[in-house]
Structure formats: C-alpha cells, structure tokens
Amino acid sequence: MQQHRRLREDLLDAAAGLIIERGFRRVRMQDVADAVGVSRQTVYNEFGDKWGLAQALNLRENERYLDGVDAALSDHADLYSAVAAAVSYTLRTAADDPLKKATLTGEGSEDLLPLMTTHAEPVLFAARERIISHAARQWPWLDATDLAEIVDAVIRLTISHVMLPTDPVDVVAERMARLVARYLRQPDAASGATGPSAASSS
C-alpha cells in the first residue's frame with residue numbers, strides 16, 4: 001500500500017513538473033512514465049487516461065491548499081481573523097504557484113481550465129466539506145445551514161479571485177472576512193459590529 005502511494009505521488013510530481021515545463025497539451029503519458037521509470041501502461045492503470053491524471057493532480061493540489069487553510073483557520077480564535085488569514089493564504093499561495101500559473105496563463109495548458117471552472121465540482125465539494133467540518137469544530141455555535149451557505153459562496157468567490165486577481169490580496173481577504181462575519185452574525189473585527197439579525201435581536 002505504501003509503495004503504491006509513493007508511486008502515485010511520484011507520477012503526480014512528474015506530471016506537475018512536465019506541465020509547468022511544457023504545458024499540458026504537450027505532455028504525453030509516456031513522458032510521465034519515462035520521468036518515473038515505469039511503463040506507460042502503469043500510468044494508464046493508475047489514472048485511466050490523461051484527463052484522469054489531470055483530475056488526480058488537481059485534487060491533490062487542492063488537498064495541499066486545504067492543509068494550509070486548516071492551519072490558517074486554526075491559528076485564529078475569532079472568525080473574522082481566521083477567514084481573512086485563510087483567504088490571504090490561498091490567494092498568495094496561488095499567485096506564487098507555478099502549476100497554477102501554468103494552468104491559468106501557460107501556453108498549451110488551456111485544456112486544464114475546466115478543472116477550475118465548468119468541471120470544478122470535485123474540488124468545490126472537497127473544499128466545502130473540509131472547511132465546513134473544520135469551522136463546525138472550531139466554532140460549534142454557528143448555525144449549520146448558514147455556515148454551509150456562506151462557505152460555498154466564499155469558496156466560489158475565492159476561486160474567481162485566483163483566476164482573475166484585481167484587488168490587493170489584503171483587501172480581498174478583509175472583504176471576505178467581513179462578508180462571513182456579518183452573514184454569520186459574528187463580530188466584525190473592523191468595527192466590532194455584527195450582522196443585522198444579531199443587532200435586531202438585542
């Protein structure tokens with residue numbers, strides 16, 4: 001089992017390096033096999049086809065991002081600061097990520113864009129489930145339905161900022177934190193205010 005996991009990681013590492021170097025369209029399954037020293041059939045057996053390899057690589061990279069999001073959330077007790085830190089981490093990491101750059105701007109990698117747009121369901125589902133689970137543990141008093149709704153919205157908004165960055169990272173992070181805090185009726189670190197429902201019930 002451990003050996004198989006190591007082989008899979010090696011294949012994904014090789015695929016990532018080749019995509020960064022050449023662009024997805026110019027990478028062949030044989031190239032990935034040669035980089036690891038296995039047969040082409042081994043790569044097909046592991047991922048099915050080239051698109052399956054791309055999906056597996058995308059999901060693995062997403063899990064690595066989510067590890068960083070988990071750490072950012074855990075480092076802050078208040079929701080506002082935690083969300084700001086998590087969004088900031090995601091946007092800064094994506095901006096410096098050579099594989100993300102290859103996907104978004106690299107010649108020959110246009111075929112990977114659907115993994116972040118029209119075929120992003122696996123990434124969205126994994127991110128939503130993991131972040132909701134983390135937030136429910138860290139802030140158990142939050143309403144579960146409201147939490148699920150705002151997490152889904154912020155994930156989608158964050159992905160849009162990864163794909164088309166316009167404003168400074170800190171501005172976007174604080175904007176997202178404000179959105180979450182007010183939607184969930186938690187203290188807004190910028191003003192100490194809470195959302196309208198909390199204000200009306202006090």
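At least two lining residues of the largest cavity come from each of α4 (50–74), α5, α7 (121–138) and α8. The biggest share, eight residues, is supplied by α8. Helices here are DSSP runs (H or I, at least four residues), numbered from the N terminus. A cavity is a set of points on a 1 Å grid, over the protein atoms alone, where a 1.4 Å probe fits but cannot get out, and lining residues have an atom within 4 Å of a point.

The model is predicted: local features need pLDDT of at least 70, side-chain atom pairs count only at pLDDT 80 or more, and totals for chains, interfaces and linings use all residues. Residues are numbered from 1 along each chain as its sequence is written, and side-chain values use heavy atoms, without hydrogens and water.

Of the 31 residues lining the largest cavity, V69, T90, I131, I155 and T158 are the closest to its centre. For the second largest cavity, α4 gives the most lining residues, four; the lining includes A54, L57, N58 and E61.

The table lists volumes, meaning the space filled by probe spheres set on the points, which are joined across faces, edges and corners.

| Cavity | Volume | Lining residues by class |
|---|---|---|
| Largest cavity | about 580 Å³ | 26 nonpolar, four polar, one charged |
| Second largest cavity | about 130 Å³ | seven nonpolar, two polar, three charged |

Ala, Val, Leu, Ile, Met, Phe, Trp, Tyr, Cys and Pro count as nonpolar, Asp, Glu, Lys and Arg as charged, and the others, Gly among them, as polar.

Conventions. On a 1 Å grid over the protein atoms alone, a cavity is a set of points where a 1.4 Å probe fits but cannot get out, and a pocket is an open set with protein on both sides within 12 Å along at least five of seven lines; lining residues have an atom within 4 Å of a point.
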